[in-house]
Amino acid sequence: MFDTLRHLFHTLIPAVDFCSLRIVDESGEQITVRQNILQPLTTSIDRGAMVTIIHHGGYGYAATSDLSSAGLKDAIARAQAWAAASAGRSVIDYSTITMPHPVGRYASAASTGTNRKDLIALLMQESQACRIDPRIVDWSASVGTISTHQLYLTSGGGELEQQFRYVIPNLSVTANQGADTQTRSLGGQYNGYCRQGGLEVLADAGFYGSGARVAAQAIELLAAPNCPSGTMDLLLMPEQMMLQIHESIGHPIELDRILGDERNFAGTSFVTLDMFGTFLYGSPLLNVTYDPTRSEQFASYGWDDEGQPAEKTYVIQNGILERPLGGAISQARAGIDGVANARACSWNRAPIDRMANLNIEAGDSSLDDMIRSVERGVLMDTNVSWSIDDSRNKFQFGCETGRLIVDGELKDVVKNPNYRGVSESFWRSLKAVGNASTADVMGTPFCGKGEPSQVIRVGHASPACLFGNVDVFGGEA
């Protein structure tokens with residue numbers, strides 16, 4: 001298919017300043033076992049193309065699922081019409097932006113394949129292992145796999161071919177006693193262990209043997225006291241750190257949001273353009289990178305959807321906000337450097353600024369070191385709820401589980417642990433950053449943004465991190 005479309009594109013390129021064709025061919029499969037019953041298999045195929053045209057300073061795009069010559073001609077004509085209509089009326093003169101014409105290839109790391117029969121047997125095994133107690137009232141195990149093949153062609157001879165293979169494991173167990181219901185999960189209830197690769201993802205995520213383990217944790221929570229309330233130290237594990245990074249660093253520093261593009265849909269940002277290069281976002285221990293080069297992470301790629309090459313870049317270094325998450329067009333509008341993160345969720349959406357892999361670099365503290373340094377605090381893990389204001393500043397997050405820390409020692413499990421804060425002061429209270437032994441690779445398939453809506457894949461790798469003087473509260477607060 002790609003060879004035919006490559007030939008068609010080069011015969012149909014109109015006489016314009018810039019033209020590109022982005023073709024996406026994606027297939028997916030979801031296998032789920034709930035309460036030891038195999039659910040109907042879900043499969044999906046999504047295939048189409050988007051044409052982008054820049055001409056006389058105008059910008060237009062059009063998508064089509066009709067990949068015939070007639071379909072592409074129609075999409076090119078519609079994109080050309082939009083470019084003509086927007087010339088002289090846009091927020092920027094697009095003729096001032098130099099669009100790249102890159103050539104290259106990217107593919108997810110070679111990995112072991114997935115076999116449907118073996119996967120069903122594994123899911124059934126873990127599901128059956130969950131029913132360790134009559135108080136277990138619901139449980140499920142699933143694995144989703146997605147293969148994406150993408151081709152990007154430009155009128156200047158650019159040609160990028162990228163292939164991705166995603167694996168999305170999930171296991172969740174709910175226990176009930178009286179009026180109390182507690183749920184524990186593997187990496188969160190929103191597929192936190194999603195990664196690129198093959199069956200090795202399941203082993204790396206701890207999927208094998210997780211049924212009985214997670215079920216035991218759910219039962220343990222039923223008997224646990226509520227998390228105490230008060231101002232205390234807070235030790236966050238990677239399964240919660242991923243959401244903390246996502247909501248209070250990733251979204252606030254997306255450049256289109258800062259420029260006001262998202263205001264009427266997903267909100268704005270407390271960050272302003274004059275902050276870059278000087279603003280103290282967090283303590284000097286905070287080092288955050290945009291890193292699409294880690295092969296196992298969910299949002300790794302070689303180039304973004306505007307053809308910009310992707311490379312690891314510090315966005316916060318030693319606590320100072322260095323640069324935003326913004327692609328080439330947003331960078332031109334703002335007049336500051338960003339990163340290669342203009343991405344679209346599929347062929348029928350235009351690229352916008354997305355956070356891709358946004359990670360916290362490991363520090364030098366062991367988990368024991370951080371625990372020993374706490375006189376009174378709580379360890380929290382695995383997000384279960386979140387709320388954040390429309391400028392991505394004030395937030396309140398809840399976790400599935402917690403453990404008290406008293407006089408430098410881990411104590412009892414507590415349930416319904418929550419905390420709240422303000423992004424700026426929270427990250428400045430960062431007291432210690434865990435070393436590589438405390439780190440994990442997480443992500444989510446469900447980052448929503450844009451109008452019309454785009455749900456995209458992002459990755460977050462993080463060590464455990466210790467924060468001081470955080471407002472903590474439990475289920476009775």
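**Helix packing and backbone**

Author: Start with a helix contact: Leu5, Leu8 and Leu12 of H1 meet Ser69, Leu72, Lys73 and Ile76 of H2. The model is a predicted one.

Reader: How many nonpolar, polar and charged residues are in the contact of H1 with H2?

Author: Ala, Val, Leu, Ile, Met, Phe, Trp, Tyr, Cys and Pro count as nonpolar. Leu5, Leu8 and Leu12 in H1 and Leu72 and Ile76 in H2 are part of the contact. The count by class is 5 nonpolar, 1 polar and 1 charged.

Reader: Are H1 and H2 roughly parallel or oblique to each other?

Author: Two packed helices are described by the angle between their axes and the distance between the axes. The axes of H1 and H2 are 11 Å apart, at an angle of about 45°. Their crossing is right-handed. Angles under 35 degrees would count as roughly parallel, so H1 and H2 are oblique.

Reader: Now H3 and H5. Are they roughly parallel or oblique to each other?

Author: H3 (residues 116–130) and H5 (residues 210–223) have axes that come within 7 Å. The axes cross at roughly 30°, and the crossing is right-handed. Angles under 35 degrees count as roughly parallel. H3 and H5 are therefore roughly parallel.

Reader: What classes make up the contact of H3 with H5?

Author: H3 brings Glu126, Ala129 and Cys130, while H5 brings Ser210, Gly211, Ala212 and Ala215. Gly is among the residues that count as polar. The contact divides into 4 nonpolar, 2 polar and 1 charged.

Reader: Turn to the backbone. Which peptide bond is cis, with omega near 10°?

Author: Most residues other than glycine have a negative phi, and most peptide bonds are trans. Look in the loop between strand E22 (440–449) and strand E23 (454–462), where Pro452 lies. The cis bond runs from Glu451 to Pro452.

Reader: Asn36 has a positive phi. Is Asn36 buried or partly exposed?

Author: Asn36 is not a glycine, yet its phi is about 70°. Asn36 sits in the loop between E1 and strand E2 (37–38). Buried means under 20% relative accessible area. At 29%, Asn36 is therefore partly exposed.

Reader: And Arg392, buried or exposed?

Author: Arg392 has a positive phi of about 55°, although it is not a glycine. Arg392 is in the loop between strand E17 (376–388) and strand E18 (394–406). Its relative accessibility is 12%, so Arg392 counts as buried.

Reader: What separates the C-alpha atoms of Asn359 and Val441?

Author: Asn359 is in strand E16 (residues 358–360) and is buried, at 2% relative accessible area. Beyond four places in sequence, Asn359 touches residues including Asn287, Arg294 and His460. Val441 is 82 residues from Asn359 along the chain, and their C-alpha separation is 8.9 Å.

Conventions. Residues are numbered from 1 along each chain as its sequence is written. This is a predicted model: local features need pLDDT of at least 70, side-chain atom pairs count only at pLDDT 80 or more; totals for chains, interfaces and linings use all residues. Side-chain values use heavy atoms; hydrogens and water are left out. Axes are lines fitted to C-alpha atoms, for helices over the stretch in contact, and angles run from 0 to 180 degrees between N-to-C directions. Helices (H or I, at least four residues) and strands (E, at least two) are DSSP runs, numbered from the N terminus. Angles under 35 degrees count as roughly parallel, over 145 as roughly antiparallel, 65 to 115 as roughly perpendicular and the rest as oblique. A crossing is left-handed if the near helix is turned anticlockwise from the far one by less than a right angle, and right-handed if clockwise. Contact means heavy atoms within 4.5 Å. Buried means under 20% relative accessible area, exposed over 50%, partly exposed in between (1.4 Å probe, protein chains only).
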